[in-house]
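Trainee: Please show me the structure, and then I will ask about it piece by piece.

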Amino acid sequence: MASQTPTDLTSISMDPIFHTLKIIPFSVLRPPRLRLKLPTLTLPSPMTVFALVLLTYFMVVSGIVYDVIVEPPGIGSTQDPATGSIRPVVFLPGRVNGQYIIEGLSSGFMFVLGGIGIVLMDLALDKNRAKSVKVSYATAGISSLIIAYVMSMLFIRIKIPAYLR
């Protein structure tokens with residue numbers, strides 16, 4: 001008895017009701033033959049992957065994680081010293097480490113617009129496209145890149161008034 005393994009001990013000391021419930025149903029019933037097929041996974045199209053990567057990039061640079069953790073207001077307000085009325089404020093002035101939700105979304109949109117401009121300029125270099133399409137891609141790419149840069153610099157100057165002066 002001393003040389004028995006743990007599996008031998010469980011087979012000897014098995015509860016008879018458990019043993020009966022384990023053996024009897026399978027002596028009468030048999031399991032069905034299932035003809036299951038593994039699902040085939042298809043890869044997403046390159047544009048789907050690009051759209052998901054671009055959406056993820058937008059959410060990261062917009063500060064979605066910051067917005068979820070800190071829960072800042074969507075837009076701020078300040079009192080006009082001359083009239084005493086309340087004015088809406090989109091950018092949180094003077095605080096580099098804080099933002100309103102709209103501020104983050106607008107800055108993130110400008111970064112995405114600049115990235116799309118770079119992609120459009122890359123598409124303009126394709127040799128298999130017509131010249132008019134290449135010119136259109138290059139013009140749209142350069143325009144969106146310039147707009148994104150100018151607006152981002154404007155956002156920084158609103159946020160930090162004495163920046164680069």
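The questions and answers below go from helices to core, surface and salt bridges.

Mentor: This is a predicted model, where local features need pLDDT of at least 70 and side-chain atom pairs count only at pLDDT 80 or more, while totals for chains, interfaces and linings use all residues. Residues are numbered from 1 along each chain as its sequence is written, and side-chain values use heavy atoms, with hydrogens and water left out.

Trainee: How many residues does helix α5 have, and what span does it reach from its first C-alpha to its last?
Mentor: Helices (H or I, at least four residues) and strands (E, at least two) are DSSP runs, numbered from the N terminus. The expected span of a helix is 1.5 Å times one less than its number of residues. For α5, residues 101–123, that gives 33 Å, and the model comes close to it. The helix has 23 residues and reaches 33 Å.

Trainee: Which helices are included in what covers the buried residues of α5?
Mentor: Buried means under 20% relative accessible area, exposed over 50%, and partly exposed in between (1.4 Å probe, protein chains only). Among the buried residues of α5 are Glu 103, Gly 104, Met 110 and Leu 113. Their cover includes α3 (46–62) and α6 (131–159).

Trainee: Which residues make up the largest nonpolar core?
Mentor: A nonpolar core is a set of buried Ala, Val, Leu, Ile, Met, Phe, Trp, Tyr and Cys residues joined through side-chain atoms within 4.5 Å. The largest one has five residues: Phe 91, Met 110, Leu 113, Ala 148 and Phe 155. At least two residues of this core come from each of α5 and α6.

Trainee: Leaving aside neighbours within four places in sequence, what is Ala 148 in contact with?
Mentor: Contact means heavy atoms within 4.5 Å. With those neighbours set aside, the partners of Ala 148 are Met 110, Leu 113 and Gly 114.

Trainee: Is Glu 71 buried or exposed?
Mentor: Glu 71 sits in the loop between α4 and β1 (76–79). Its phi is near 55 degrees, a positive value in a residue other than glycine. Because its relative accessibility is 62%, Glu 71 counts as exposed.

Trainee: Which side chain meets Lys 159 in a salt bridge?
Mentor: A salt bridge is a side-chain nitrogen of Lys or Arg within 4 Å of a carboxyl oxygen of Asp or Glu. The N to O distance here is 2.9 Å. Lys 159 lies in α6 and its partner in α5, so the pair ties together parts 56 residues apart in sequence. The partner, buried like Lys 159, is Glu 103.

Trainee: How far apart are the closest N and O atoms of Arg 129 and Asp 126?
Mentor: The structure holds two salt bridges, and Arg 129 forms one with Asp 126. Arg 129 counts as partly exposed because its relative accessibility is 30%, and Asp 126 is partly exposed at 28%. The closest N and O atoms of the pair are apart by 3.6 Å.
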